[in-house]
Amino acid sequence: MRMRHALAVAAAAGTIAVVTAAPAQATEYSSALKVKGVQYDAPGSDSNRCSGGNTKDEYLTIKNYSRTTTVNLKGYVVKDAAGNRFTFTASHKLEPGDYVKLRGGRGTDSDSGNVVYRQNCNFIWNNDKDTIYLIKPTGARADVHSYTKRANDADGNGYITYHG
């Protein structure tokens with residue numbers, strides 16, 4: 001009799017633990033849009049010249065991980081730990097499974113090419129460490145990732161993948 005009671009209590013405790021643990025994971029994945037990866041260190045020597053520089057080779061890939069919902073990027077904000085920021089001011093719709101590369105430098109945004117340019121020739125991501133914030137138009141965080149070159153970029157190519 002005591003054994004059954006102990007098992008029932010243990011089972012109930014396990015259920016509570018699962019219910020308690022679930023919201024933390026659900027919070028992390030509460031947004032359809034996530035940072036898929038970042039090329040935080042553009043290949044070659046950094047040059048932020050608008051003509052001939054390589055800021056366009058530094059980019060952030062944002063993906064719509066929803067299976068059913070199209071998400072409009074208008075109003076979303078990308079920023080770093082120092083407060084450098086980019087706001088998607090134009091309508092740019094991501095179909096389920098679609099992605100966009102937010103590139104530095106100047107260029108023509110293209111839905112078909114999956115690219116948006118920051119229209120700024122300065123680098124946004126630090127080459128040694130930084131934090132990437134993807135903020136919803138409501139001000140809530142959609143995704144956040146911190147990195148250090150040493151801990152997160154084992155092959156040293158300047159690219160880190162977050163969500164596959």
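1. Four strands make up an open, antiparallel sheet in the order β5-β4-β9-β10. Strands here are DSSP runs of E with at least two residues, helices are runs of H or I with at least four residues, and both are numbered from the N terminus; two strands pair if DSSP finds at least two bridges between them. The edge positions belong to β5 (85-87) and β10 (141-148), each with a single partner strand, so one side of each has no neighbour in the sheet. From one strand to the next the twist averages 10°, where axes are lines fitted to C-alpha atoms and angles run from 0 to 180 degrees between N-to-C directions.

2. A word on the basis of this note: the model is predicted, local features need pLDDT of at least 70, side-chain atom pairs count only at pLDDT 80 or more, and totals for chains, interfaces and linings use all residues. Residues are numbered from 1 along each chain as its sequence is written, and side-chain values use heavy atoms, with hydrogens and water left out.

3. K79 stands opposite Y133 in β9. The charged end of K79 also sits over the ring of Y133, 5.5 Å from the ring centre; the rule asks for NZ of Lys or CZ of Arg within 6 Å of the ring centre and within 35 degrees of the ring normal.

4. Strands β9 and β10 run antiparallel and are joined by seven bridges, with L134 opposite D143 in β10. Their hairpin has five residues between the strands, and in it G139 takes a positive phi near 100°.

5. S146 belongs to strand β10 and is partly exposed, with a relative accessible area of 48%. The classes are buried for under 20% relative accessible area, exposed for over 50%, and partly exposed in between, computed with a 1.4 Å probe on protein chains only. Leaving aside residues up to four places away in sequence, S146 touches D130, T131, N152 and Y162, a contact being heavy atoms within 4.5 Å. S146 and D130 are 16 residues apart along the chain, and their C-alpha atoms are separated by 5.7 Å.

6. A further open sheet has five strands in the order β8-β7-β2-β1-β11, with mixed pairing. Here β8 (115-117) and β11 (159-161) stand at the edges; each has a single partner strand, so one side of each is left without a neighbour in the sheet. The twist in this sheet averages 25° from one strand to the next. Inside it, β2 (residues 59-64) and β7 (residues 99-103) pair in the antiparallel sense over five bridges, and Y59 stands opposite R103 in β7.

7. The count of aromatic pairs comes to three; rings of Phe, Tyr and Trp (its six-membered ring) pair if their centres lie within 6.5 Å, and planes under 30 degrees apart count as stacked, over 60 as edge-to-face and the rest as tilted. One of them is the tilted pair of Y59 and Y159, at 6.2 Å centre to centre and 40° between the planes. This pair links distant parts of the chain, Y59 in strand β2 and Y159 in strand β11, 100 residues apart. Y59 counts as buried at 14% relative accessibility, whereas Y159 is partly exposed at 22%. Another pair is formed by F86 and F88, whose ring centres are 5.0 Å apart with planes at 85°, so the pair is edge-to-face. Both F86 and F88 are buried.

8. The ring of Y59 has a charge over it as well: the charged end of K101 sits there, 4.5 Å from the ring centre.

9. Side chains of opposite charge can pair when their charged atoms come close. The count here is one salt bridge, defined as a side-chain nitrogen of Lys or Arg within 4 Å of a carboxyl oxygen of Asp or Glu. The partners are D41 and K149, at 3.5 Å from N to O. D41 lies in the loop between β1 (33-39) and β2, and K149 in helix α2 (residues 149-152), so the pair links distant parts of the chain, 108 residues apart. D41 is buried at 16% relative accessibility, while K149 is partly exposed at 34%.

10. Most residues other than glycine have a negative phi. N114, in the loop between β7 and β8, has a positive phi near 55° and is buried at 12% relative accessibility. Q119, in the loop between β8 and β9, has a positive phi near 60° and is partly exposed at 36%.
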